[in-house]
Amino acid sequence: MAMGIGILVLSGMTNSFAVTLRTNEYAEKSRNAAILNDALVELARSFADGNWSGLYNLSHGSGNRYHLINSGGIITAQSGSETINLNISDYTRSFYVENVSRDSNDNIESVYNSVNEDPSAQKITVETDYV
């Protein structure tokens, strides 16, 4: 009977250890995704600063995903997401662009209104997921 109880305890400890490993792996992947996300945000700012019309003229909406390529200091937008391998894990990363409108107090409206469009601002949403 004591042997049966010992096996149950050991089995429970093994399951706890596996959950801890999965939790640590999830935390690491989440940190890496945040790092990749931040890097794309900075690259998108550089792209907008250097080529506003290139950003503004991209097809808008969440169905139009892009990633950025920096080649020799020239940043260009490419259709679709990109896959990045970081610390032996794969991540997909992309962004999409949306128009921005402002109310009479010059505040950004939570829902886009084409009548109040602000062509000097664009909303960029960046997404990074691990595979």
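I started with Phe 95: its relative accessible area is 1%, so I noted it as buried (buried is under 20%, exposed over 50%, partly exposed in between, with a 1.4 Å probe and protein chains only). This is a predicted model, where local features need pLDDT of at least 70, side-chain atom pairs count only at pLDDT 80 or more, and totals for chains, interfaces and linings use all residues. I number residues from 1 along each chain as its sequence is written, and side-chain values use heavy atoms, with hydrogens and water left out.

Next, ring pairs. My rule: rings of Phe, Tyr and Trp (its six-membered ring) pair if their centres lie within 6.5 Å; planes under 30 degrees apart are stacked, over 60 edge-to-face, the rest tilted. I got 3 aromatic pairs that way.

I looked at Tyr 26 and Tyr 130: the centres are 6.1 Å apart and the planes sit at 75 degrees, so I logged the pair as edge-to-face. Tyr 26 is in helix 1 (residues 2–50) and Tyr 130 in strand 5 (residues 117–130), so this pair links distant parts of the chain, 104 residues apart. Helices (H or I, at least four residues) and strands (E, at least two) are DSSP runs, numbered from the N terminus.

Buried or exposed, this Tyr 26? I have it as exposed, at 52%, while Tyr 130 is partly exposed at 30%.

Back to Phe 95. Its ring centre is 6.0 Å from that of Tyr 66, with planes at 40 degrees, so the pair is tilted. Tyr 66 lies in strand 1 (residues 66–71) and Phe 95 in strand 4 (residues 89–101), so the pair ties together parts 29 residues apart in sequence. I found Tyr 66 buried, at 8%.
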